[in-house]
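Trainee: I have a new model open and I'd like to walk through it. Can you take me around?

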Amino acid sequence: MKTLQFREAVAEAMSEEMRRDDTIYLMGEEVAEYNGAYKASKGMLDEFGEKRVIDTPISELGFAGVAVGSAMNGNRPIVEFMTFNFSLVGIDQIINNAAKIRQMSGGQMNCPIVFRGPTASAGQLAATHSQAFESWYANCPGLKVVVPSNPADAKGLLKSAIRDDDPVIFMESEQMYGDKGEVPEGEYLIPLGVADIKRSGNDVTIVSFGKIIKEAYAAAEKLAEEGIQCEIIDLRTVRPMDHKTILDSVKKTNRLVILEEAWPFGNVATEITYQVQAQAFDYLDAPIVKINTADTPAPYSPVLLQEWLPNSEDVIKAVHKVMYA
């Protein structure tokens, strides 16, 4: 094992795949000369040159379209959005072209492309730069959606995403790029669509993903002091979703709390809630509780932002509720 920052794990995954396959290239705003807005492509321009690490104009619709056309013609582009908030400018290319071309061409064309960049809030960036679009993209057939929570998962999942023959939305976090963690030496892949049990427990299941899962870890430590053992499942891949791991855990613990940094209406937690009540209703000893942000645009004020975001105390309250404690 070696210790890497999240940004280093991302850069290492892309670099290893680009050495392996010369049809892979990286494009986006500031990915080359500046080494990436978050330094997640540091050193890649020097190694691979300007034809494979490409700085683009500030035109997400344009460079997303170039990448989709390129993927349809035999390349495997990685497109970095400086934030997924900016992907909305290029969403027509993602939803109406990348996600649909395999079906609309009758299987004659596929679109092996990765759209990656940070999602959700990153401090005081206000309403238009703090949005989580995991459920938006997961709602679209033809797309896969991956949200890693640590450097090791980021590397293994990104390598699998780059090798996938379908478009993958790979969502990171500006607040995780500096996180350090142990990463296996050498080649390894983590399959898409497989959740991971990060902490075993028998009393309550907590499902989460991305950076907000840290609040679940903090809550589980405090709850353990009360004798409540939480089982924490990191989805890792939102679509395809690993229903089996969630259901098996709920059948063991009989209680479920879902923690997601997203608006409360029609999100990933809503889908999990439906699947569990449909397939494991008789195992539930309490109603499912889902924890989300407040149902408003993200505030700029640090005091309001603290209230808007879910935290470990919210998780503890939710666990007490399902435990009738």
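Mentor: Start with one term. Buried means under 20% relative accessible area, exposed means over 50%, and partly exposed is in between. Keep in mind that this is a predicted model.

Trainee: New topic: helices. At what angle do α1 and α7 cross?

Mentor: Helix α1 is residues 6-20 and helix α7 is residues 151-163. Their axes cross at roughly 30 degrees and come within 8 Å. Angles under 35 degrees count as roughly parallel, so α1 and α7 are roughly parallel to each other. The crossing of α1 past α7 is right-handed.

Trainee: Which residues make that contact?

Mentor: On α1, they are F6, A9, V10, E12, A13, M14, E16, E17 and R20. On α7, they are P151, A154, K155, L158, K159, I162 and R163. The residues of this α1 and α7 contact divide into 9 nonpolar, no polar and 7 charged.

Trainee: What about α8 and α12? What is their angle?

Mentor: About 55 degrees, with the axes 8 Å apart. Here α8 is residues 213-224 and α12 is residues 312-322. That angle makes α8 and α12 oblique to each other. α8 also passes α12 in a right-handed crossing.

Trainee: And which residues touch there?

Mentor: From α8, E215, A218, A219, K222 and L223. From α12, S312, E313, V315, I316, V319 and H320. The residues of the α8 and α12 contact divide into 6 nonpolar, 2 polar and 3 charged.

Trainee: Next is α4. Which of its residues are buried?

Mentor: Helix α4 covers residues 91-98, and its buried residues are Q93, I94, I95 and A98. They pack against α3 (60-72), α5 (101-104), β5, α6 and β7 (168-172).

Trainee: Now α9. What does S249 touch?

Mentor: S249 is found in helix α9. Leaving aside neighbours within four places in sequence, S249 is in contact with T205, E231 and I233. S249 is buried, because its relative accessible area is 1%.

Trainee: And D248?

Mentor: D248 is in helix α9 too. At a relative accessible area of 37%, D248 is partly exposed. D248 and T205 are 43 residues apart along the chain, and their C-alpha atoms are separated by 10.0 Å.

Trainee: Where does D21 sit?

Mentor: D21 is in the loop between α1 and β2. D21 is buried, with a relative accessible area of 16%. Not counting residues up to four places away in sequence, D21 touches R52 and R76. D21 and R163 are 142 residues apart in sequence, yet 9.6 Å apart in space, C-alpha to C-alpha.

Trainee: What is phi for E30?

Mentor: About 70 degrees, a positive value although E30 is not a glycine. E30 lies in the loop between β2 (24-28) and α2 (44-48). E30 counts as partly exposed, at 36% relative accessibility.

Trainee: And what is phi for A120?

Mentor: Near 65 degrees, which is positive in a residue other than glycine. A120 lies in the loop between β5 (114-118) and α6 (134-138). A120 is buried, with a relative accessible area of 6%.

Definitions and conventions. Residues numbered from 1 in each chain as written. Predicted model: local features only at pLDDT ≥ 70, side-chain atom pairs only at ≥ 80, totals over all residues. Heavy atoms only, no water. Axes fitted to C-alpha atoms, helices over the stretch in contact; angles between N-to-C directions. Helix = DSSP H or I, 4+ residues; strand = E, 2+ residues; numbered from the N terminus. Parallel < 35°, antiparallel > 145°, perpendicular 65-115°, else oblique. Left-handed = near helix turned anticlockwise from the far one by under 90°. Contact = heavy atoms within 4.5 Å. Nonpolar A, V, L, I, M, F, W, Y, C, P; charged D, E, K, R; others polar. Buried < 20%, exposed > 50% of the residue type's maximum accessible area, 1.4 Å probe, protein only.
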